Amino acid sequence: MPELGLLRAPRQVLFGDGTLEALPAVVAPHGQRFLVCTDAGLAATAHFDRLLGCLQRAGVAVTVWDATEPELPLANVTAAIRFARRADVDGIVGFGGGSSLDLAKLVALGCAHGEDLRPYLAGQAVPGPVLPLVAVPTTAGTGSEVTPVAVLTDPDQVLKVGVASAQLVPRAAIVDPTLTHGCPASVTAHAGIDALAHAIEAYTARSAAPPPDGLEGVFVGKNSLSDVLALDAIGHLAPNLLAAMQDEPAARSAVAYGSLAAGLAFGTAGTAAAHALQYPLGARTHTPHGLGTGLLLPHVMRFNRACRAAELADVARAAGWGSDAGASIDGVARLVAAIGLPAGLSDLGVERADLPAMAKQAAGITRLAANNPRILDAAGALEILSAAWHPTTTQPREVAA
Ligand SMILES: NC(=O)c1ccc[n+]([C@@H]2O[C@H](COP(=O)([O-])OP(=O)(O)OC[C@H]3O[C@@H](n4cnc5c(N)ncnc54)[C@H](O)[C@@H]3O)[C@@H](O)[C@H]2O)c1
Ligand SMILES: [Fe+2]
């Protein structure tokens, strides 16, 4: 019997090959003047020409910001907000990978509530609605097109930091898998394994608590609605990621769908330890988000195994890997190796002596650490990092729940 459920989503979500053609109708209710947020690489592609063609058919005025930087340094976001405020637009179209979509969310926030984002990085609530945002992903994916989160790099904290608010959920999302055709194999691998991490972390998160205490935060924990989407995501992502890296169209569609479903799942359930640990890792090593979450994921699953054995068995079944928790951990570890991720943190230049500080930082990201099913204090975080540092030498202990 389904119990507690919560879903937050854009008012309109379109999925399927060719759905970009619906963009004129999707932007129409949101105004006449739009800022497109993207990056220089994408702005040089035929996909971008297609987007501009659609906006031309919509008859709206378009200004383009194409200077989004990977992993979003705060100064880059602030420059984009200033640019957008000068352009005086009615709405934003985010076009690209997670970096461009997250930048678009923060620009929508900055246009509505002022360019200084530091209060939100420090945890202040977003005070009200932001500028309308239509999100169009070209990677699969971060799921950012449907989530309430934007992640950026704060140089002061040497840490990736997230702004999380239901106000940041885009007004509409168009997920057209053909926009991922031609996406480089390494970007496909990192984004795809991150989507799998979203689905598995959402499905194995702590359980949502009933009101009055539960359902109020941005990430509320696993629940009946997020569970359905998370398992559906795993069933599409796991068997298709390798073929998507070969640019096989049906696999591209399956992975784009899986990424969207994973985004809807973790947008309410939340992610957990793998994401908390990636924040200090990404900021230190300047490696892509999905490389870090993917590399860490099997170690986090092993750490959580005792308190989420049944859920991990469901993950194995959904992925077609077997029927017990061990099969899910082995399956993820095999996939992570097959898509070419480095074996351990030591391969990324992380020193063993760095691990305690990273563990402390990760345990301090309470939005994510508290969402882990097993307590993620600094000691637990260090255990996972030590196992992931040089995977052949240490494995995290599994303890009784
Ligand atoms: N908001 C969320 O919910 C959420 C979730 C996970 C990750 N993230 C964030 O997303 C970011 C990573 O996003 P990403 O993995 O999508 O990568 P990205 O946006 O950084 O893009 C990586 C590169 O791929 C190129 N690219 C993208 N699509 C392409 C295409 N179709 N064809 C050719 N080139 C293409 C881009 O130009 C860029 O050079 C990180 O900052 C991460 O923290 C956000
Ligand atoms: Fe992620």
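1. The loop between helix 9 (241-245) and helix 10 (249-269) contains Asp247. In this predicted model, Asp247 is not a glycine, yet its phi is positive, at about 70°. Most residues other than glycine have a negative phi, and most peptide bonds are trans.

2. The peptide bond that runs from Pro211 to Pro212 is cis, and its omega is near 10°. Pro212 belongs to the loop between helix 7 and helix 8 (224-237).

3. The next matter is the site of the ligand.

4. Which elements each supply at least two residues of the shell around ligand 1? They are helix 5 (98-113), strand 6 (149-154) and helix 7 (185-204). By class, the shell consists of 9 nonpolar, 11 polar and 6 charged residues.

5. There are 26 residues around ligand 1, and those that come nearest are Gly98, Ser99, Thr139, Thr147 and Val149. The side chain of Thr139 has an N or O atom 2.7 Å from an oxygen atom of ligand 1. For Thr147, a polar side-chain atom is 2.8 Å from an oxygen atom of ligand 1. Val149 instead uses its backbone: an N or O atom there lies 2.7 Å from a nitrogen atom of ligand 1. Of the 880 Å² that ligand 1 exposes when taken alone, the protein buries 86%.

Conventions: Residues are numbered from 1 along each chain as its sequence is written. Chains are lettered from A and ligands numbered from 1 in the order in which they are written. This is a predicted model: local features need pLDDT of at least 70, side-chain atom pairs count only at pLDDT 80 or more; totals for chains, interfaces and linings use all residues. Side-chain values use heavy atoms; hydrogens and water are left out. A residue is near a molecule or strand if one of its heavy atoms lies within 4 Å of it. A polar contact is a pair of N or O atoms within 3.5 Å; within protein, one must be able to donate a hydrogen and the other to accept it, and residues adjacent in sequence count only if both atoms are side-chain atoms. Accessible areas come from the Shrake-Rupley method with a 1.4 Å probe; for residues, only the protein chains shown count as cover. Helices (H or I, at least four residues) and strands (E, at least two) are DSSP runs, numbered from the N terminus. Ala, Val, Leu, Ile, Met, Phe, Trp, Tyr, Cys and Pro count as nonpolar, Asp, Glu, Lys and Arg as charged, and the others, Gly among them, as polar.
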